[in-house]
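Me: I'm new to this one and would like a quick tour. Can we start with the rings and move on from there?

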Amino acid sequence: MNQAIKIKTLTEIEARPFKVYTHRHLDKITALDNLSEEQRFEMKVVASILPFRVNDYVIDELIDWNNIPEDPIFQLTFPQREMLKPEAFDRVAELMRNDAPKEELQAAIDDVRAELNPHPAGQMELNVPKLDNEPLPGMQHKYRETVLFFPSQGQVCHSYCTFCFRWAQFIGDNDLKFAAKEASKLHAYLKEHTEVTDLLITGGDPLVMKTKHLQQYLEPLMEPEFDHIQTIRLGTKALTFWPYRFVTDADSTELLELLEALVRKGKHVALMGHYNHWKELDTPVAREAIRSVRATGAEIRSQGPLLDNINNNADDWAHMWKEQVKLGIIPYYMFVERDTGAKRYFEVPLARAWEVYREAMKNVSGLGRTARGPSMSADPGKVEIQGVTEIHGEKVFVLRFIQGRNPDWVQRPFFAKYDEEATWLNHLKPAFGEEKFFFEDEFEAMKKQAQIAG
């Protein structure tokens, strides 16, 4: 690490303390004072069901308070009434207005949450690996090459996204959490599974952890017995929600040195940066955080879903990808909003998603066309919409697996009947009179086997 550059940076960007607000502190956010009492009450209702957490950097630097409620970062972080079904909202709102007993209110909240598909894509049933025939909570092994690890110290974020498909991690229900405390079990599993080349540390956000905790997981991977682990990914929103983590936090230098040490040991280190709008790239500290990370030799790859009310237009995506390429970030994925949580507020029909992706791609250079999508992280795997076309007089979606539970599914094209309203894979029907998609029987067998093994 070039310490001279680091010292220069510290004199240019002033450190700030991390101050966070949760649903208990909504009344203390002075920026909300211009909203009506009813609007603030609606926020409290939704925040009692879906997790809410925001910090003062997001409030002060990213949200345009003259453009409320349309501002995309406001929509990204603050709850809106329409995120819940009307009947669900009304049920909880009435109980709150009438000061219902705590047990009655909590029962209603639990009922609403249960209807929101808290663990999509078979996370609880199909992805949990075993060591010595014992399940390993806090790990997922869905695809052959990649293991996901959820460190217990990283099961929050600097702010929460209102669309988050892992919202169930943050509501205090241990039955809905993925979290692991022991680095030793992660390392033991990786030693046994030499087919694994990629480790993804995720959460929550692993970069809420102090560097000394992150070191416990990552430093041993530099030893020869982990040579098969070629890539270490860190899934994070810190580059946008708290870029001071890489610039002025007390252990930011140690974090950057850890990344650099991994790179020097021959690991490909990639920060999987979650970006939802170009505004998240637009502050001096965000750009300095990007520069600092790239100076270690680590890469930053960007990913995020297409979201109604936030980025449902090609211009914002093209603008974001252009800025990312200029800053040295590699566009990686445009996702389809998952079938969980507040999906009713954010989901975009697959036909519309394809149009936005295609129009955005037409307006970026080849270096921006590394972004794959629109991609659904569905139960069988990551399915990409490659296009809409007509074959033998039938209008169809052209699809393929980017990743599959069976690696043999990858890159195999298949076709679904065109459906203007469909928003997820399970809404689609096979084209050309076929009864099933090619993978369905094998996937059903996998689920039955998992039930037996479980």
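Me: How many aromatic pairs does the structure hold?
Reply: The structure, a predicted model, holds 28 aromatic pairs. Rings of Phe, Tyr and Trp (its six-membered ring) pair if their centres lie within 6.5 Å; planes under 30 degrees apart count as stacked, over 60 as edge-to-face and the rest as tilted.

Me: What about F401 and F438, how far apart are their centres?
Reply: Their ring centres are 6.0 Å apart, and the planes stand at 85°, so this pair is edge-to-face. F401 is in strand β14, while F438 is in the loop between β15 (413–417) and α16 (440–453), so the pair ties together parts 37 residues apart in sequence. Helices (H or I, at least four residues) and strands (E, at least two) are DSSP runs, numbered from the N terminus.

Me: Buried or exposed, what is F401?
Reply: F401 is buried, at a relative accessible area of 0%. F438 is partly exposed, at 30%. Buried means under 20% relative accessible area, exposed over 50%, partly exposed in between (1.4 Å probe, protein chains only).

Me: Which residues do ring pairs link into a cluster with F438?
Reply: The cluster holds F401, W409, F414, F437, F438 and F439. F438 and F439 have ring centres 5.5 Å apart and planes at 90°, so they are edge-to-face too. F439 counts as buried, at 4% relative accessibility.

Me: Which charged end sits over the ring of F438?
Reply: That of R412, 4.0 Å from the ring centre. K237 has its charged end over the ring of F241, 4.9 Å from the centre. The test is NZ of Lys or CZ of Arg within 6 Å of the ring centre and within 35 degrees of the ring normal.

Me: Before I go on, what are the ground rules?
Reply: Residues are numbered from 1 along each chain as its sequence is written. In this predicted model local features need pLDDT of at least 70, side-chain atom pairs count only at pLDDT 80 or more, totals for chains, interfaces and linings use all residues, and side-chain values use heavy atoms, with hydrogens and water left out.

Me: New topic. How many helices and strands are there?
Reply: The protein has 16 helices and 15 strands. Buried residues make up 56% of its 454 residues. The C-alpha atoms fill a box of roughly 65 × 60 × 50 Å along the principal axes.

Me: Where is A371?
Reply: In the loop between α15 (350–361) and β12. A371 is buried, with 1% relative accessible area. Its C-alpha is 8.1 Å from that of Q303, 68 residues away along the chain.

Me: What about the backbone?
Reply: Most residues other than glycine have a negative phi, and most peptide bonds are trans. Here I68 and P69 are joined by a cis peptide bond, with omega about 10°. P69 lies in the loop between α3 (56–62) and α4 (72–77). The bond from G203 to G204 is also cis, with omega near 20°.

Me: Which residue has a phi near 50°?
Reply: D99, a positive value in a residue other than glycine. D99 is in the loop between α5 (86–97) and α6 (102–114), and counts as exposed at 68% relative accessibility. N309 has a positive phi as well, near 75°. N309 sits in the loop between β10 and α13 (314–327) and is partly exposed, at 34%.
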